[in-house]
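The following report describes a single protein chain for a reader who works with coordinates and cut-offs. Please read it alongside the sequence and the structure shown here.

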Amino acid sequence: MPLKSRRMIDYNDPRVCKIGHPAPAWLINYADLMTELVCFFIILYALSAALNKDIQDAKQQLESMIKEGTVAGEVKVTKDGMKITFQEAGDVVFFETGQSDLSAEMREILAKVIPTIKELSEKFDILVEGHTDNVPIHNQKYRSNWELSTERATEVVHYLITEHGLSPARLAAVGYGEHKPTASNDTPEDRARNRRIVFFVKTLTSKIDKKRP
């Protein structure tokens, strides 16, 4: 009696497809599933490529402005989306100390990047982040830097909506106060770097939704 190799299905087993015989039902279902999965990932890849092109085009436009000195900032693309950061530097201030009203310099910067931001907002949700240095604040209007940074981000969002017609459904504001510094707060220059406005373009969870305004 011939020996059967371990872990091998016997040739006479009904699960083995013999030459000239139709494939078993499970194999047909398995092949269909694999075909559907391949189609699914091809579609995902195509969508990802399309969304990525919008982000890359915007990144190039903004980096061109930064390189030419039109605006000062930084652009980074991660797996979650794109972050556009504008920091105070030198005599350029975005807000007066302890206040949330946009300065003339901030309005000028926003006016230059609005076309790119507006185009992105037609396809992606954008979160405007407010950040401050760690100098304590406590006045009649704001009890903390957290409140101040939130109000500043909200002022930027309000400006984008009222002055440039961006959709409120695509924008949100959040304040982090001094709790997410990008530099130490030991020098005036480092504190200026921490006083910043960030546009976070969310590409990971955002979808193009034609039903949304």
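Gln 99 lies in the loop between S2 and H2, where helices (H or I, at least four residues) and strands (E, at least two) are DSSP runs numbered from the N terminus. The model is a predicted one, in which local features need pLDDT of at least 70 and side-chain atom pairs count only at pLDDT 80 or more, while totals for chains, interfaces and linings use all residues. Residues are numbered from 1 along each chain as its sequence is written, and side-chain values use heavy atoms, with hydrogens and water left out.

With a relative accessible area of 36%, Gln 99 is partly exposed; buried means under 20% relative accessible area, exposed over 50%, and partly exposed in between, for a 1.4 Å probe and protein chains only. If residues up to four places away in sequence are not counted, Gln 99 touches Leu 148 and Arg 152, contact being defined as heavy atoms within 4.5 Å. The C-alpha atoms of Gln 99 and Tyr 142 are separated by 8.8 Å, although these residues are 43 residues apart along the chain.

Thr 97 also has its place in the loop between S2 and H2, whereas Arg 191 belongs to helix H4 (residues 188–194). Arg 191 touches Asp 133, Asn 134, Val 135, Ser 184, Asn 185 and Asp 186, again not counting residues up to four places away in sequence.

| Residue pair | Separation in sequence | C-alpha to C-alpha distance |
|---|---|---|
| Gln 99 and Tyr 142 | 43 residues | 8.8 Å |
| Arg 191 and Asn 134 | 57 residues | 7.6 Å |
| Thr 97 and Ile 137 | 40 residues | 9.5 Å |

In terms of accessibility, Arg 191 counts as partly exposed at 22%, and Thr 97 is exposed, with a relative accessible area of 78%.

## Overall arrangement

The protein has four helices and five strands, and from the N terminus on its elements run α-β-β-α-β-α-β-α-β. Of its 213 residues, 33% count as buried. Among the contacts in the protein with a separation of 6 or more, 66% are accounted for by residues 24 or more positions apart.

## Packing of H2 and H3

Helix H2 (residues 104–121) packs against helix H3 (residues 145–164) at an angle of about 70 degrees, and their axes are 11 Å apart. That makes H2 roughly perpendicular to H3, a term that covers angles of 65 to 115 degrees. On the H2 side the contact is made by Met 106, Arg 107, Leu 110, Ile 114 and Lys 118, and on the H3 side by Val 156, Tyr 159, Leu 160 and His 164. These residues divide into six nonpolar, one polar and two charged, where Ala, Val, Leu, Ile, Met, Phe, Trp, Tyr, Cys and Pro count as nonpolar, Asp, Glu, Lys and Arg as charged, and the others, Gly among them, as polar.

## The aromatic pair

Rings of Phe, Tyr and Trp (its six-membered ring) pair if their centres lie within 6.5 Å, and by this rule the count comes to one aromatic pair. The rings of Phe 86 and Phe 199 have centres 6.1 Å apart and planes at 80 degrees, so the pair is edge-to-face, the class for planes over 60 degrees apart. This pair links distant parts of the chain, since Phe 86 is in strand S2 (residues 81–87) and Phe 199 in strand S5 (residues 196–202), 113 residues apart. Phe 86 counts as buried at 1% relative accessibility, and Phe 199 likewise counts as buried at 1% relative accessibility.

Methods:
Axes are lines fitted to C-alpha atoms, for helices over the stretch in contact, and angles run from 0 to 180 degrees between N-to-C directions. Angles under 35 degrees count as roughly parallel, over 145 as roughly antiparallel, 65 to 115 as roughly perpendicular and the rest as oblique. Rings of Phe, Tyr and Trp (its six-membered ring) pair if their centres lie within 6.5 Å; planes under 30 degrees apart count as stacked, over 60 as edge-to-face and the rest as tilted.
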